[in-house]
Structure formats: C-alpha cells, structure tokens
Amino acid sequence: MLDLGFVSAILAERSFEEVIEFASHNQFKCVEIMCWPKGKAERRYAGVTHINVDDTDDEKAAEIKSVLEKNNVYISGLGYYPNPLDADKNQADVYIEHIKKVICTAAKLGIPVVNTFVGRDPQKSVEENLDKFAEVWPAVIKVAEENHVKVGIENCPMLFTRDEWPGGKNLATTPAIWKKMFEIIPSPNFGLNYDPSHLVWMQMDEVKPIYDFSDKLFHIHLKDVKVFRDKLNEVGIMAYPLDYHSPKIPGLGDVDWRGFFSALTSVKYRGPVCIEVEDKAFEGSEEDIQSAILTARNYLKQFLA
C-alpha cells in the first residue's frame, strides 16, 4: 500500500549505486535521489549529487535503470531544493533552469515526481511573494506538464538562521498559502511533497492537511521534530525556530504518527513515504547515520505492510 524509502541526502558520501544497494539490502522499496548541481553545498543536506542531470545522456540513463532493476528498488522522486524566488534574479534564474533540467531528467528516467521548494524573498511579504510566484512558476509547471512529470513542493519554511530571517526562503509553509498557490496554478502536475514535522514546530495540526489536500499529495517525507516546551516558554514563537525545536528521526519526536498514517490510508494515498534524516544526534559517524535510517525504518514498520 505504501512504499517505504529514504532521502539520499543523508548518504552524501556514497555513490548512486552504493545508495541503491544500501536500500536493497535493508528492505527499502524506493529512494528519493538528490540532484544538486556539482559544486560546494550551500547548507547542511544540500549540494548532494547522486544523479548529475547535466550528465545524464541516454547511455547514463540506461546505466541508472540497470542499477535499479538489479536491486529491485525504484526512485520515488528526484530532489533539488534551492530558492527559485531569490531576491537576486540572476541567482534565481540559475535555480529555475536547473529545476527544469531535473524535470526533463525525471521524464527520461520514467520518474513521476520532482521535489523542490517554491522559494521566497525573506524580506518581502507573503502577498509580494505570491505575486512573484505567479510570475515565475507557471513556466516551470508548463515544462512539467509537457514532460508528464509532477512537481511536489516541500512545506519547509527554510527559516532557521539569521540570513533566512524574517520570512524564510520557502513560501509554501501553510494550508492557507497552499490554497492560494493552487488557485494561481490549478495544474494537476503541481502539488505537495508533504512533511508533517514542520507543522508541529509551527504549532499547527500535522494530520488535517492530509484530508484537506489529499489530491495534492505527490510524495511524503517522514521526519519527526521535538519541540522543547521549556525553551519555547523562554523565547516564544517569534524567536529563531531552532532555539526551541530540533529535527528528530521518526518516533523520537512529537509527530502523531498513528494519526498521520491513519489519515494517509483513509484518503487512499498510494505511493512513496521516505525517511528524511536531519537528526544531529545521529551524525557522529557513518555508523550513526546508518543507525538513524534503520532505527526509523524499524519504528515505521508497524504502520506499513
């Protein structure tokens, strides 16, 4: 019913083939594969390139498909998470063009979804950013439609550090904003890569949106979060969010996983659910990273066939 996978960013030092072999050996059905441009990472978990879309010709595509077939694993989606609404238009254009390349590569490989951010200028209001979104994103979704690929927008606010203050670098943070986005671009190829953890630390219901946006759930991230109430009581919700919460692997935080999976099955979601590891408690070594993925897998198995 639901295919368990993980996001490849956490295995940044491994090759594509090694990532797929790890998935196969550890009973995962799929992997979301990172497709950042080659170069220096802009932040943690970014800059990971397990498929280089600038170098995926027909021969390379055949090699990728062969690795997947040999290991009986599929790619749930291609991932690239920049800021396409960056205040620097030249930089934004670079991000947008790469997203289009990722979409075309997904089509070549027969992968149904590309996951990304819509971006945001953190210094401007929601309304101003929606206007900019309406200028920029229709052309991107047109490319997706032409290639029969869906685009799933992750709902992470990207509001953690001083350079992302005050608005964050991703507009698609709340159900109210999603509704406006889908009114501006009412395309069946435009939806969500839904991560429940972000709603929890924003003091929102992480389960209800599954019912409200069931037709827009293209891909699912499984990440947990721990809200430290004592710290929240000290600094309040207007503080830097990392001052009062921390990402955790599923089962070690505050997400209502029973309610979450009940909702997914109730709306008849059928597709990938991918563990995303950003838990600093499991970053001390390669063994810690592997333990994070497998501990999360073991916890989540109770909800999966």
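This is a predicted model: local features need pLDDT of at least 70, side-chain atom pairs count only at pLDDT 80 or more; totals for chains, interfaces and linings use all residues.
Phenylalanine 282 sits in the loop between strand S10 (271–275) and helix H10 (286–300). Helices here are DSSP runs of H or I with at least four residues, strands are runs of E with at least two, and both are numbered from the N terminus. Residues are numbered from 1 along each chain as its sequence is written, and side-chain values use heavy atoms, with hydrogens and water left out.

Back to phenylalanine 282. Its relative accessibility is 16%, so it counts as buried. Buried means under 20% relative accessible area, exposed means over 50%, and partly exposed is in between, with a 1.4 Å probe and protein chains only. Which residues does phenylalanine 282 touch, leaving aside its neighbours within four places in sequence? They are Ile249, Leu252, Asp288, Ile289, Ser291 and Ala292, where contact means heavy atoms within 4.5 Å. Isoleucine 249 is 33 residues away along the chain, and the two C-alpha atoms are separated by 8.9 Å.

Now the chain as a whole. It has 10 helices and 10 strands. Its radius of gyration is 18 Å, close to the 19 Å that the globule rule gives for 305 residues, so the chain is as compact as a globular protein of that length. That radius is taken over C-alpha atoms, and the rule is 2.2 Å times the number of residues to the power 0.38. Along the principal axes, the C-alpha atoms fill a box of roughly 50 × 40 × 40 Å.

Of the 305 residues, 56% are buried. The accessible surface comes to about 13,400 Å², and carbon and sulfur atoms account for 49% of that. These areas come from the Shrake-Rupley method with a 1.4 Å probe, and for residues only the protein chains shown count as cover. Taking contacts between residues at least 6 apart in sequence, 77% join residues at least 24 apart.

Next, histidine 198, which lies in helix H6 (residues 197–201). Is histidine 198 buried or exposed? At 4% relative accessibility, it counts as buried. Beyond its neighbours within four places in sequence, histidine 198 contacts Glu154, Asn155, Cys156, Pro157 and Lys223. Asparagine 129 is 69 residues from histidine 198 in sequence and 20 Å from it in space, C-alpha to C-alpha.

With a relative accessibility of 44%, aspartate 205 counts as partly exposed. Its C-alpha atom is separated by 31 Å from that of alanine 23, which is 182 residues away along the chain.

Some backbone points. The peptide bond between tryptophan 165 and proline 166 is cis, with omega about 5°. Proline 166 is in the loop between strand S5 (150–154) and helix H5 (175–184).

Where does histidine 148 sit? It is in the loop between helix H4 (126–146) and S5.

On a 1 Å grid over the protein atoms alone, a cavity is a set of points where a 1.4 Å probe fits but cannot get out, and a pocket is an open set with protein on both sides within 12 Å along at least five of seven lines; lining residues have an atom within 4 Å of a point. Points are joined across faces, edges and corners, and a volume is the space filled by probe spheres set on them.

The second largest pocket has a volume of about 360 Å³. Its lining has 17 residues, with Leu159, Trp201, Met202, Ile237 and Tyr244 nearest its centre. By class, that lining is 12 nonpolar, four polar and one charged. Ala, Val, Leu, Ile, Met, Phe, Trp, Tyr, Cys and Pro count as nonpolar, Asp, Glu, Lys and Arg as charged, and the others, Gly among them, as polar.

A search of the whole structure finds one cavity of 30 Å³ or more. The largest cavity holds about 30 Å³ and is lined by Val7, Ala9, Ile10, Tyr45, Glu276, Val277 and Glu278.
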